[in-house]
Amino acid sequence: MKSGRNPTRRYFLGAAGVACLGILAVPAHAQQPLELKIMAPANPGGGWDQTARSMQQALVAAGIARSVQVTNVGGAGGSVGIAQFVNSAKGDGSQLMVNGFVMVGALAMNKSPVTLDQVTPIARLTDEYQVMVVPANSPIKNLKDLGDALKANIAKVTFAGGSAGGIDHIMAALFAGSVGADAAKVNYVPFSGGGESLAAILGGKVTAGISG
């Protein structure tokens, strides 16, 4: 696939493990190995899922945890997952969740009764660039072509990305606005997992895809 970075803006996504106790700050030698649970509040294949599974491997390999179970709870940009996490963990320091900036917008858009104030950040694990891609056989060859298509008919240009309200969605709107199109009319197709988004891009179901 061909890809292009936004020419004027650098985007970061911070992924943070959250729980009610900062267990990861305790030296491994000061405690017995734990049995941990990590929730990725999205479907398999995306950044949160990959981060959770990388944490799973690292915690076990370092001897910090005896076992780590990863579960996926997709829906509404993490709104479904965080609600389940808050209601089920209830101060259990062996339960963690991965999240990021996507959830901030999603919680606001979905008017979620659960907020990030109800969880405790432990660590920022990743930063990343946002990238726009098109299928290899697309007639669009660069960002100028994509911008021209948006200005000609924004309704015909579809973007695939993560849940509505997240940084993928925001980037699509910012790019549309930067080329003179109406950002409020951007045609954005949200997916709960990176695997689904990638399939839509590779299958030519959308004009372009956005991800970290």
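**A walk through the chain**

Author: Start with α6, where S197, A200 and I201 are buried. They span an arc of only 100 degrees around the axis, so they sit on the same side of α6. The arc is taken from the directions that run from the helix axis to the C-beta atoms.

Reader: What does "buried" mean here, in numbers?

Author: Buried is under 20% relative accessible area, exposed is over 50%, and partly exposed is in between (1.4 Å probe, protein chains only).

Reader: What covers the buried residues of α6?

Author: The cover includes β7, β8 (158-161) and β10. Helices (H or I, at least four residues) and strands (E, at least two) are DSSP runs, numbered from the N terminus. After α6 comes G204, with a positive phi near 70 degrees.

Reader: Where does the model come from, and how are residues numbered?

Author: This is a predicted model, in which local features need pLDDT of at least 70, side-chain atom pairs count only at pLDDT 80 or more, and totals for chains, interfaces and linings use all residues. Residues are numbered from 1 along each chain as its sequence is written, and side-chain values use heavy atoms, with hydrogens and water left out.

Reader: Okay, the big picture. How many helices and strands are in the chain?

Author: The chain has 6 helices and 10 strands. Of its 212 residues, 43% count as buried. Contact means heavy atoms within 4.5 Å. Among contacts with a separation of 6 or more, 80% join residues 24 or more positions apart.

Reader: Now α2. Which of its residues are buried?

Author: In α2 (residues 79-89) the buried ones are S79, G81, I82, F85, V86 and A89. They lie on the same side of α2, because they cover an arc of only 165 degrees around the axis.

Reader: Why would residues a few places apart in a helix point the same way?

Author: An α-helix has 3.6 residues a turn, so residues three or four places apart point the same way.

Reader: Switching to the core. Which residues touch the most other members of the largest nonpolar core?

Author: I38 and I82 do, in a core of 26 residues. A nonpolar core is a set of buried Ala, Val, Leu, Ile, Met, Phe, Trp, Tyr and Cys residues joined through side-chain atoms within 4.5 Å. Another core, of 17 residues, lies apart from it and includes I140, A172, A176 and Y188.

Reader: What is I38 in contact with?

Author: Leaving aside neighbours within four places in sequence, I38 is in contact with residues including A52, M55, L59, V68, V70, L96 and V98.

Reader: Last topic, the largest pocket. What counts as a pocket?

Author: On a 1 Å grid over the protein atoms alone, a pocket is an open set of points where a 1.4 Å probe fits, with protein on both sides within 12 Å along at least five of seven lines. Lining residues have an atom within 4 Å of a point.

Reader: How many residues line the largest one, and which lie nearest its centre?

Author: The lining has 38 residues, and G46, G47, G194, S211 and G212 lie nearest the centre. The elements that each supply at least two lining residues are α1 (47-61), β7 (131-134), α5 (167-178), α6 (194-202) and β10 (208-211).
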